[in-house]
Amino acid sequence: MDTRHGFLSALIAIGLVLTGCSSQPEESEITTYVLPQAPEQTAPGLVTQQPLLVVSPVEMALHLTGTGLVYQTSETAVVQAQQNLWAEDIVRQLTRRINGDLRIKQSRYWPTERSAAIQTANVPKLQVRVNEFNGHYSGSAYFSGEWLLVEQAGNLKTIQPFSFQVPLKEPGYSAQVNALSEAVSRLTTQIAQRLSTSSLYQTE
C-alpha cells in the first residue's frame with residue numbers, strides 16, 4: 001500500500017508540474033514601429049529654384065538610440081522596451097521626417113539630407129539635438145532638445161531649445177508613437193516658421 005501510495009503521489013506531483021508549465025503565459029510577439037513620414041514631394045523643379053539647406057543627422061541622447069522604444073517610469077528611471085522596437089534606426093527615421101516636413105511647411109529653402117554627392121562647405125545647415133523622445137508615466141510623450149541653424153559662412157544664426165508634451169490618446173506603444181509623431185510635427189512647424197524669415201546665404 002505504501003508503495004502504491006508513493007507511486008500515486010509521484011504521478012500527481014508530475015501532473016502538477018506539467019500543468020504549471022502549460023499555464024505559463026507565452027512570450028509576447030515582437031512588434032516593430034515606424035515613425036509616420038511626410039509625403040514625398042512630386043515637383044523636382046523646386047530643387048533648382050530654392051537654395052539648399054542641409055539637414056544634418058539628428059543627434060540623440062545615448063539612452064534613446066537603442067532599438068527599443070523608451071518609456072520613463074519615474075523621475076529617475078527609464079526602460080527600453082524589449083518587445084516593442086523601432087523598425088528602422090530612429091536617428092535615420094527622425095532625420096528623414098524632419099527633412100520631409102520642412103520641404104512641405106516652408107518654401108524659402110530646399111532641405112536635403114547630408115550626402116557625399118552634395119558639397120556642404122558653403123551650404124547652411126540645420127542640426128537637431130534630442131534629449132527626450134519617449135513615453136512618460138504622466139501619460140504623455142515627451143520630446144525635447146534644441147535646434148541650431150548655421151549660416152552659409154559657418155556662423156551660428158539661431159539656437160532654439162524646444163520641449164513638447166503630447167498626451168497619449170490611449171495606453172500602449174502604438175499611441176506613444178503617434179504622440180511622438182505629433183511632437184515632431186510641432187517641432188518642424190516651429191523650425192519652418194523661423195526658416196521662412198531667416199537669411200542664411202550672404203547674397204540674400
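Is Phe162 buried or exposed, and at what relative accessibility? At 5% relative accessibility, Phe162 counts as buried, since the term stands for a relative accessible area under 20%, with exposed meaning over 50% and partly exposed in between (1.4 Å probe, protein chains only).

## Basis of the model

The structure is a predicted model, in which local features need pLDDT of at least 70 and side-chain atom pairs count only at pLDDT 80 or more, while totals for chains, interfaces and linings use all residues. Residues are numbered from 1 along each chain as its sequence is written, and side-chain values use heavy atoms, with hydrogens and water left out.

## Overall fold

The chain holds four helices and nine strands, where helices (H or I, at least four residues) and strands (E, at least two) are DSSP runs numbered from the N terminus. Read from the N terminus, the order of these elements is α-β-α-β-β-β-β-α-β-β-β-β-α. Of the 204 residues, 37% count as buried. Contact is taken as heavy atoms within 4.5 Å, and among contacts between residues at least 6 apart in sequence, 69% join residues at least 24 apart.

## Aromatic pairs

Rings of Phe, Tyr and Trp (its six-membered ring) pair if their centres lie within 6.5 Å, and planes under 30 degrees apart count as stacked, over 60 as edge-to-face and the rest as tilted. By this rule the count comes to five aromatic pairs. One of them is formed by Tyr109 and Tyr201, whose ring centres are 6.4 Å apart with planes at 20°, so the pair is stacked. This pair links distant parts of the chain, since Tyr109 sits in the loop between helix H3 (90–105) and strand S6 (110–113) and Tyr201 in the segment after helix H4 (173–195), 92 residues apart. Both Tyr109 and Tyr201 are buried.

The rings of Phe162 and Phe164 are likewise stacked, because their centres are 6.0 Å apart and their planes lie at 25°. Phe164 is buried, with a relative accessible area of 13%. Phe162 and Phe164 also belong to one aromatic cluster that includes Trp86, Phe133 and Phe143.

## Nonpolar core

A nonpolar core is a set of buried Ala, Val, Leu, Ile, Met, Phe, Trp, Tyr and Cys residues joined through side-chain atoms within 4.5 Å. The largest such core has 40 residues, and those with the most contacts inside it are Met60, Leu126, Val128, Val130, Phe133 and Phe143. The elements that give two or more residues to this core are strand S2 (52–55), strand S4 (68–72), H3, strand S7 (125–136), strand S8 (140–150), strand S9 (156–167) and H4. H4 gives the most, with nine residues.

## Cavity and pocket

Rolling a probe the size of a water molecule over the atoms shows where empty space is left. On a 1 Å grid over the protein atoms alone, a cavity is a set of points where a 1.4 Å probe fits but cannot get out, and a pocket is an open set with protein on both sides within 12 Å along at least five of seven lines; lining residues have an atom within 4 Å of a point. Grid points are joined across faces, edges and corners, and a volume is the space filled by probe spheres set on the points. A search of the whole structure finds one cavity of 30 Å³ or more, with about 30 Å³ of space in the largest cavity. Met60, Leu64, Val70, Trp86, Ile90 and Phe133 form its lining, which has six nonpolar, no polar and no charged residues. In this division, Ala, Val, Leu, Ile, Met, Phe, Trp, Tyr, Cys and Pro count as nonpolar, Asp, Glu, Lys and Arg as charged, and the others, Gly among them, as polar.

The largest pocket has a volume of about 170 Å³. Its lining has 10 residues, of which Glu40, Arg96, Asn99, Gly100 and Arg103 lie nearest the centre of the pocket; by class, these 10 residues divide into two nonpolar, four polar and four charged. H3 provides the largest share of this lining, four residues.

## Arg97 in helix H3

Arg97 lies in helix H3 and, at 6% relative accessibility, counts as buried. Leaving aside its neighbours within four places in sequence, Arg97 is in contact with Leu35, Pro36, Gln37, Ala38, Ser181, Val184 and Ser185.
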